[in-house]
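Work through the exercises below with the sequence and the 3D structure at hand. Each task is followed by a worked solution.

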Amino acid sequence: MNADREHPTMAEIRTNFHAELDALRADTVRLAAMVTERIPWGTEVLLTGNLSSAQELIDADDDLDVLSIEVEERCYQALVLQAPMARDLRAIVTALRLTSELERSGDLMVNVAKGMRRLYGLDIDPKLRGLISRMGEEAQRLMHVAIDSYAEGDAAKAAAIDDMDDRLDTLHKEYIQAIFECHRESSIDLEAGVQLALIGRYYERIGDHAVNIGERVRYMVTGWLPEHTGAARAAARKPQSEGIADPT
Amino acid sequence: MIRRSIDVRRRLDTLRARLEREGEGTAPSTSVDDAAERLARAFDAHEARQDAAGAVAERLVAALDVIPQGIVLADAAGRVVFRNRVADAFAGARHSEALVEPVITELIGRAVAGEAETRVLDLYGPPRRSIQLRAVPLDDPDVPRPANGDAAPPAGAFLVVEDVSERQRLEAVRRDFVANISHELKTPVGALGLLAETLAGEDDPEVVHRLAARMQREAFRVSDTIDDLLQLSQIEAGSLPPRDPVPVHLVVTDAVDRTRSAAELRSVRLVVVEPPEDLSVLGDRRQLVSAVANLCDNAVKYSDPGADVTVSARTDGKTVEIDVSDNGIGIPSTDLGRVFERFYRVDRARSRDTGGTGLGLAIVRHVVHNHEGEVSVSSREGEGSTFTLSLPAA
């Protein structure tokens with residue numbers, strides 16, 4: 001081989017780097033698919049009281065952990081070896097942040113499965129079952145939109161997730177109200193009520209993670225984060241407050 | 001191909017001209033001419049064979065692209081050399097289908113190492129699907145078997161991806177039907193036997209009276225089941241019903257009248273949104289009344305006392321839709337696709353309390369199919385259900 005060809009050209013380095021970015025995006029989408037699959041799976045486990053399926057879901061969390069660590073390490077490698085700038089840098093940082101949001105969402109569905117084990121044998125009121133089912137569908141829908149916006153780099157779609165999350169929040173409130181009603185009618189005891197409320201909270205938190213993913217996608221595309229508005233306000237206030245504090 | 005053949009001939013002409021120049025003064029060699037001509041003909045034949053093979057390959061690829069299964073071919077190193085359209089769709093998929101591609105890669109890797117494997121991937125979706133992946137090593141007939149008798153290393157791998165959801169659903173229907181029919185018939189018959197045995201050794205008139213009442217209830221239950229089975233079999237086996245215009249308001253009125261006593265017993269109010277009198281469907285009035293009455297009966301059974309069951313109808317000119325809605329306990333989403341199966345019970349314990357044979361919705365489905373219509377259900381637990389019959393308008 002020619003000695004010159006032992007070192008890749010700059011163009012080859014860029015091509016390889018962009019292939020690596022594509023692979024990173026594909027793996028993040030796969031991680032998201034694993035998480036979104038767990039939402040209807042966990043809901044079914046909860047509503048059918050299927051103990052063996054609950055155990056499978058809990059065990060399957062290890063696979064999610066393995067892939068999230070892999071993605072995270074590849075992000076670090078890309079940051080260290082390629083020293084990316086601008087949009088490329090934001091794409092890697094976004095993948096890194098998404099990994100933790102997704103991994104946490106997977107953990108929440110594990111919590112749902114564990115919650116089912118604590119509730120095992122309880123005849124859940126049909127109204128609560130219906131609301132659990134709707135919260136599950138809504139949480140999954142939010143995750144789908146969040147991942148679509150990431151895969152397509154669509155900032156407008158990502159911006160819509162925050163508003164869409166209001167529906168899940170409303171369902172969550174209805175659900176908590178229904179738990180109170182069931183408890184008042186003595187169809188569930190306090191312990192079961194608390195356990196069911198926690199399960200509702202897990203779905204609501206998945207919605208929040210989807211909103212976070214949306215915000216990170218907006219950052220990836222535009223370089224802007226909602227926190228930047230608050231930071232700008234704080235910066236605007238700073239000289240004035242410093243002036244009052246230090247009259248000299 | 002033609003251009004390449006012309007190229008060869010041109011080169012041969014150049015070669016002949018050079019040979020002629022070198023041997024100027026002597027007669028041109030006919031053997032060189034013959035050799036050149038033979039070579040050109042052989043080349044043309046080879047090109048024609050290659051083109052024919054290319055056309056066959058193109059047709060094969062086109063055929064593989066229209067089959068519902070995904071096909072993936074890999075070489076000995078595990079590199080994918082071909083995937084048809086279905087398999088290709090998994091490569092850039094999102095959401096649940098994105099989970100298929102890593103399994104394709106894993107199974108291809110195993111197959112090129114000589115290990116055949118079949119795996120079923122259950123995807124929650126929605127829609128819920130079962131995807132079967134089958135990978136096998138490919139032998140190369142040209143590679144001789146090693147002298148020690150071991151298998152030759154695979155020349156590549158072949159993988160088939162297939163959606164087996166419908167096959168699995170039909171298998172579950174068949175399996176559950178056999179189990180359910182024996183349960184529905186054996187339980188009351190077994191109870192009758194035991195009650196009769198107890199009755200034979202009983203002298204207390206009060207106990208005898210109670211046992212006889214139980215026997216009567218069990219006998220009615222078997223009788224109801226057999227009646228429904230006969231009705232179902234008549235609908236299934238019978239020829240297409242007469243295609244007479246049947247006024248929808250008469251169908252609804254008859255069906256509601258048939259259910260009224262059961263509704264009053266459970267303090268459920270039957271609300272009819274009166275359809276226009278000129279609204280008609282094509283079919284058999286008796287069968288249609290039976291279908292709507294079955295839906296009303298079901299709605300009443302699964303409604304709380306004081307609740308409403310609403311029957312309404314509408315049309316878009318081509319189709320008439322009859323809705324039966326309730327605010328009852330609803331149907332879990334996992335059972336929604338199966339409620340029209342014979343003897344399928346969402347909640348076996350509750351069904352026993354509410355009575356019924358487990359055949360009502362199967363009868364509805366068959367009646368509607370006989371009328372070239374469709375039946376659908378939308379439901380949410382704790383909120384209620386709406387069954388919709390779509391029938392051709394008269």
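**Exercise 1.** Find which residues of α7(B) meet which residues of α8(B), and describe the crossing.

Step 1. Contact requires C-beta atoms, placed from the backbone, to lie within 7 Å. In α7(B) the residues that qualify include B:Val251, B:Val252, B:Ala255 and B:Arg258, and their partners in α8(B) include B:Leu288, B:Val289 and B:Val292.

Step 2. Sorted by class, this contact has 12 nonpolar, 1 polar and 4 charged residues. Ala, Val, Leu, Ile, Met, Phe, Trp, Tyr, Cys and Pro count as nonpolar, Asp, Glu, Lys and Arg as charged, and the others, Gly among them, as polar.

Step 3. The axes of α7 (residues 248-265) and α8 (residues 285-301) of chain B come within 8 Å and cross at roughly 35°. Axes are lines fitted to C-alpha atoms over the stretch in contact, with angles from 0 to 180 degrees between N-to-C directions.

The model is predicted: local features need pLDDT of at least 70 and side-chain atom pairs 80 or more, while totals for chains, interfaces and linings use all residues. Residues are numbered from 1 along each chain as its sequence is written, and chains are lettered from A and ligands numbered from 1 in the order written.

**Exercise 2.** State how many residues of chain B are in contact with chain A, and classify them.

Step 1. Chain B contributes 17 residues, in contact with 23 of chain A.

Step 2. The chain B side divides into 7 nonpolar, 6 polar and 4 charged residues.

**Exercise 3.** Describe the extent of chain B.

Step 1. Its C-alpha trace spans about 135 × 65 × 40 Å along the principal axes.

Step 2. Of the contacts in chain B with a separation of 6 or more, 65% join residues 24 or more positions apart.

Terms used
Helix = DSSP H or I, 4+ residues; strand = E, 2+ residues; numbered from the N terminus. Contact = placed C-beta atoms within 7 Å.
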